[in-house]
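Subject: Structure handover

Hello,

Here is the structure we spoke about. My notes on it follow below.

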Amino acid sequence: RNDLSATGAFEWPDDAPPERPPVLRDVLEPRGSASAARCALTAAQWEAAQSEARHRGPRLLVPDAAAPTLISSYRTDQLASKFVAGDDGAPPRWLTPRECSRLMGFPATFVWPEPTGERGHTGAAAEAAPYRMLGNAVVPPLVRAIGERMVERL
């Protein structure tokens, strides 16, 4: 609330950042995992993404760099998405839903709710649902930090 912020009753958390900021490699599934294999692009999808790269830049994520912002259309918009390099020359893959949830700071025990209005859907709609939810979610550690600061002020 602006009225609390203006009176100094609330201060944004300024905790020290971690010694080493997390990077994409920190959240990736092990090479060859079943969940990663399910997220592989087909050769045709990768070809289409590469042809579009001339207009949108590099398509592969850098494992030792910060991860990109997750958008709700990540899995459905292959031309705007970036990918994890494939194993041994195989086409790249999308990030898995679990990798995306780790990027967002969700706990490992987090269980995906069934998307409203999509009961019984299979295929692309079912595969895209976790990405859509994550792309519209807030980062749990951030909410916790702000909530704790608010409780201190109350």
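Which residue forms a salt bridge with Arg 144? The partner is Glu 148, and the closest N and O atoms are 3.1 Å apart. Please keep in mind that this is a predicted model.

Salt bridges

Four salt bridges turn up in a search of the whole structure. In general, an α-helix has 3.6 residues a turn, so residues three or four places apart point the same way. Arg 144 is exposed, at 59% relative accessible area, and Glu 148 is partly exposed, at 42%.

Another salt bridge joins Arg 25 to Asp 64, with 2.8 Å between the closest N and O atoms. This pair links distant parts of the chain, 39 residues apart: Arg 25 is in the loop between helix 1 (2-6) and helix 2 (34-37), and Asp 64 is in the loop between helix 3 and helix 4. Arg 25 is partly exposed, with a relative accessible area of 46%, whereas Asp 64 is exposed, at 52%.

Arg 102 pairs with Glu 29, the closest N and O atoms being 3.6 Å apart. Here too distant parts of the chain are linked: Arg 102 belongs to helix 4 and Glu 29 to the loop between helix 1 and helix 2, 73 residues apart. Arg 102 is partly exposed, at 35%, but Glu 29 counts as buried because its relative accessible area is 15%, under the 20% cut-off.

Helix 4 covers residues 97-104 and includes Ser 101. Its buried residues are Glu 99, Cys 100, Ser 101 and Met 104. For Ser 101 the relative accessible area is 0%; beyond its neighbours within four places in sequence, Ser 101 is in contact with Phe 106, Trp 112 and Leu 134. After the helix comes Gly 105, with a positive phi near 90°.

The largest nonpolar core has 18 residues, and Phe 83, Trp 94, Leu 95, Cys 100 and Tyr 131 have the most contacts inside it. Helix 3 (43-56), helix 4 and helix 5 (124-135) each give two or more residues to this core.

The largest pocket holds about 370 Å³ of space. It is lined by 21 residues, with Arg 31, Val 84, Ala 85, Asp 87 and Arg 93 closest to its centre.

Regards

Key
Residues numbered from 1 in each chain as written. Predicted model: local features only at pLDDT ≥ 70, side-chain atom pairs only at ≥ 80, totals over all residues. Heavy atoms only, no water. Helix = DSSP H or I, 4+ residues; strand = E, 2+ residues; numbered from the N terminus. Buried < 20%, exposed > 50% of the residue type's maximum accessible area, 1.4 Å probe, protein only. Contact = heavy atoms within 4.5 Å. 1 Å grid on protein atoms, 1.4 Å probe; cavity = no way out; pocket = protein on both sides within 12 Å on 5 of 7 lines; lining within 4 Å. Points joined across faces, edges and corners; volume = space filled by probe spheres on them. Core = buried A, V, L, I, M, F, W, Y, C linked by side-chain atoms within 4.5 Å. Salt bridge = Lys/Arg side-chain N within 4 Å of Asp/Glu carboxyl O.
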